[in-house]
Amino acid sequence: MTEISSMVISHKKAKVEEMESAWHGDLDGLLHNLYNHEYVYECVVLKTCNRVEIYVVSPKSSSILFSFAKEMGASTHIIDFYGHDESLEHLLRLAGGLESMIVGEDQILGQIKDLYAYSKKAGTTGKILDTAFEKAIQVGKRIRNETRINKGSVSIGSAAVDLAEDIFGGLTGKNVLVIGAGEIGVLVAKALAEKDIEAIYIANRTYKKAEEIAFELGGHAVRLDDIRDYLPGADVVISGTGAPHYILTRKIVEETIKGRNRKLLLIDIANPRDIEESVVELENVELCNIDNLRVISERTLKMRKEEAKKAEAIIQEEIRLLNLQYKRQKADRLISELYKQVYDVRVRERQKAVNRLSSYHTIGDIETEVLDDLTHSIVNKILAEPTKVLRQAAELGNEEFLDVVSRVFCLEKDKIKFEKMKQAKFDQIKPGCTKGHAAVKEEYAVKDQS
């Protein structure tokens, strides 16, 4: 049976450097590398600063994910492999904020929406993953509406601010430089705006974006190339860009803090990292990264235990509804095929009746319409009870009954023929020819939709 499988690398088992080493290339490359595999029918990739997750629909999903993990060079001790039921539960928990480092944070739901939309636009999703991700997004919203799991919560960005407060014993009178005006950078800046700091500086590669955020929060915009000029006066630097290289190297920091006699706190919340690790060897410099935020995570988890229980109950209820939805989809496929088969017979037999009657006397539009209504009504009445029984069987998980009905009425013979034709084309392609696999998939995806 073709179901969902997933592999998850997250902060729960992996450190920052391990997550970095498990990620190669851009999102588009990884997505299409997966989808071009002949046995991968659907796939979605989720990549955030503290997780890499891959969801596939395939008849050989487990072996494909194991092979892919091996290609990535990721150690198996940092990976969780999930089957269909576990994957669905994990995805709903993720959307609800229960799998986040900071339990209940809102950022993850937006990331799931964006990354799912990216995969959908790339054409790598289908009915099975669409159903799962649309449900996950709906559940994420429901949990936040019906519980207080995100009330007073902290995202990774605001957790970084809390960490700075813990280290300094407060941020009153401090100068803070935020590097990166993306989603995390904005969260950091907004959290800082609520503190009694002396000044906040926003640096970004796109200066206009830095200006917009600085204006909104009463801060100062800085060009990314000018950050060296602002390091000497900064007490705290929080960096969260999407750059593939270091933004702050040891050399840059060392040159800009010469003669400094007070602490400089650097917090790196980027993945890949923005700040070269060896800066910790410099005098009066302290470096923290995502791993340090676990302290904040534990504190938040304690505060949210009761709300998390409510969220768990919602997830279990929604998992049951999701499984029913999948079962109904299977019944609906059979019912659709059954109706199509019987309607084809109805149309043919009605036309035969019209032709026979026409040989005796003229048949007008009224007579034709009466025959059409009659045959339509007979078919609907005959199929009404079988439709109800098929849906009940699906809801009860009676796969054997559904399979018998399918065989008795030859309902999936076209699908079987379709799959055999597709597989025959795959077999003609040379091993390793991903372009060929992609072309066949695209051709038969169009045929399948038609």
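**A walk through the helices**

I156 is found in helix α7, which spans residues 156–168; helices (H or I, at least four residues) and strands (E, at least two) are DSSP runs, numbered from the N terminus. Before going on, please note that this is a predicted model, in which local features need pLDDT of at least 70 and side-chain atom pairs count only at pLDDT 80 or more, while totals for chains, interfaces and linings use all residues. Residues are numbered from 1 along each chain as its sequence is written, and side-chain values use heavy atoms, with hydrogens and water left out.

Let us stay with I156 for a moment. With a relative accessible area of 4%, I156 is buried; buried means under 20% relative accessible area, exposed means over 50%, and partly exposed lies in between, using a 1.4 Å probe and protein chains only. Leaving aside residues up to four places away in sequence, I156 touches C49, N50, I102, I269 and L293, where contact means heavy atoms within 4.5 Å. Take I102 from that group: I156 and I102 are 54 residues apart in sequence, yet their C-alpha atoms are 6.7 Å apart in space.

Now step back to the whole protein. It has 17 helices and 10 strands. Of its 450 residues, 48% are buried. Among contacts with a separation of 6 or more, 72% are between residues 24 or more positions apart.

Next, look at how helices pack. Two packed helices are described by the angle between their axes and the distance between the axes. Here the axes are lines fitted to C-alpha atoms, for helices over the stretch in contact, and angles run from 0 to 180 degrees between N-to-C directions. Helix α5 (residues 107–122) packs with helix α6 (residues 127–146) at an angle of about 160 degrees, and their axes are 10 Å apart. That makes α5 roughly antiparallel to α6; angles under 35 degrees count as roughly parallel, over 145 as roughly antiparallel, 65 to 115 as roughly perpendicular and the rest as oblique. The crossing of α5 and α6 is left-handed, a term used if the near helix is turned anticlockwise from the far one by less than a right angle, with right-handed used if clockwise.

On the α5 side, the contact is made by I108, L109, I112, K113, Y116 and K120, and on the α6 side by L129, D130, F133, E134, I137, G140, K141 and R144. These residues divide into 7 nonpolar, 1 polar and 6 charged. In this grouping Ala, Val, Leu, Ile, Met, Phe, Trp, Tyr, Cys and Pro count as nonpolar, Asp, Glu, Lys and Arg as charged, and the others, Gly among them, as polar.

I112 of α5 deserves a visit of its own. Its relative accessibility is 1%, so I112 counts as buried. Apart from residues up to four places away in sequence, I112 touches L46, L94, A95, F133 and I137. A95 sits 17 residues from I112 in sequence, and 7.1 Å from it in space, C-alpha to C-alpha.

Another helix pair is α8 (residues 183–193) and α9 (residues 207–217), packed at an angle of about 20 degrees with axes 10 Å apart. α8 and α9 are therefore roughly parallel to each other, and their crossing is right-handed. V186, A189, K190 and A193 in α8 meet I213, E216 and L217 in α9. The residues of this contact divide into 5 nonpolar, no polar and 2 charged.
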